[in-house]
Amino acid sequence: MARTVRFFALMLAVTGVAGCSLFPTRAPEILTDHDFGPLHAHAPMPHVAPVIVRAKSVAWLSGTAIHYRLLYRDPTAVHVYAQNRWIAPPATLLKARIRWRLGMGPALSARPPAHIERLVIVLLRFDQDFTTPHRAFVRLEAAARLYDETTGRVLAQKTVDLKRRSAPDARGAVIGLSDLARKASAAFVHLVTRHAGLRD
């Protein structure tokens, strides 16, 4: 009897070792953070008056997820890439790029001049859409208003709705959306510089 028990115990041990080799543990997933690329890609330009830049977004874009939709299957469902994300909310990254293009530092001085303008941007869409499993495009929609900070008067406003083809994967989403963000930031910088009488 004791010999039989030892035999079964040995078989269980061997089976356990074989099971470990046949079914290895799953490798941990690697999460990659993305931004819109180097800020020095475009040289900053001078400006006449300091501009306070404010950027916000609709609620579903307030996080760092990279969103996509499968229009061909379920157009109302919004999905996110599991192993890729933005390093900061897209509106924050857009704000940083605009401030750089305007030649501004991290903050205004402790005693700013009397005349200040305020640029307020609202990011409305920033996602990737699949029309088929192998065909996708990215889209950015945002609205901006330029205010006189002293009087609150609207000096200028602009809406952009940008779209372009992208590779049908996370890398395509990052590259395409980053390109649209650069174009949107250039448009909003032009809004400021045109009002200030500068050349863009």
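These are my notebook entries on a predicted model of one protein chain.

**Ground rules**

I number residues from 1 along each chain as its sequence is written, and my side-chain values use heavy atoms, with hydrogens and water left out. Since the model is predicted, I take local features at pLDDT of at least 70 and side-chain atom pairs at pLDDT 80 or more, while totals for chains, interfaces and linings use all residues.

**Confidence**

I started with pLDDT, the predictor's confidence in each residue, from 0 to 100. The chain has a mean of 82, and 72% of its residues reach 70 or more.

**Layout**

I count three helices and seven strands. These are DSSP runs numbered from the N terminus, helices being H or I with at least four residues and strands E with at least two. The order from the N terminus is α-β-β-β-β-α-β-β-β-α. Of the 200 residues, 36% are buried; my cut-offs for relative accessible area are under 20% for buried, over 50% for exposed and in between for partly exposed (1.4 Å probe, protein chains only). Among contacts between residues at least 6 apart in sequence, 69% join residues at least 24 apart.

**Helix α2**

I checked the length of α2 (residues 90-101). Its twelve residues reach 17 Å from first C-alpha to last, close to the expected 16 Å; the expected span is 1.5 Å times one less than the number of residues. Which α2 residues are buried? I find Pro90, Ala91, Leu93, Leu94, Arg97, Ile98, Arg99 and Arg101. As a reminder, an α-helix has 3.6 residues a turn, so residues three or four places apart point the same way. I then looked up Arg101, which has a relative accessible area of 10% and so counts as buried. Arg101 and His190 are 89 residues apart in sequence, with 9.8 Å between their C-alpha atoms. After α2 comes Gly103, with a positive phi near 75°.

**Aromatic pairs**

My search of the whole structure turned up five aromatic pairs. Rings of Phe, Tyr and Trp (its six-membered ring) pair if their centres lie within 6.5 Å; planes under 30 degrees apart are stacked, over 60 edge-to-face and the rest tilted. Phe36 and Trp86 are edge-to-face, because their planes stand at 80°, with ring centres 5.3 Å apart. Phe36 is in the loop between β1 (32-34) and β2, and Trp86 is in strand β4 (residues 74-86), so this pair ties together parts 50 residues apart in sequence. Phe36 is buried at 4% relative accessibility, and Trp86 is buried at 1%.

Next I took Tyr68 and Phe130. Their ring centres are 5.8 Å apart and their planes at 70°, so I log this pair as edge-to-face too. Tyr68 sits in β3 and Phe130 in β5, 62 residues apart, so to speak a link between distant parts of the chain. Tyr68 is buried at 18% relative accessibility and Phe130 is buried at 6%. I also noted that Phe36, Trp86 and Phe126 form one aromatic cluster.

**Charges over rings**

Here I needed NZ of Lys or CZ of Arg within 6 Å of the ring centre and within 35 degrees of the ring normal. Arg69 lies over the face of Trp60, 5.8 Å from the ring centre. Arg118 has its charged end over the ring of Tyr147, at 4.6 Å from the centre.

Beyond four places in sequence, Asp129 contacts Arg69, Leu71, Arg135, Ala136 and Phe137.

Val58 is in the loop between β2 (51-57) and β3, and is partly exposed at 24%. Beyond four places in sequence, Val58 contacts Leu123 and Leu124.

Notes:
Contact means heavy atoms within 4.5 Å.
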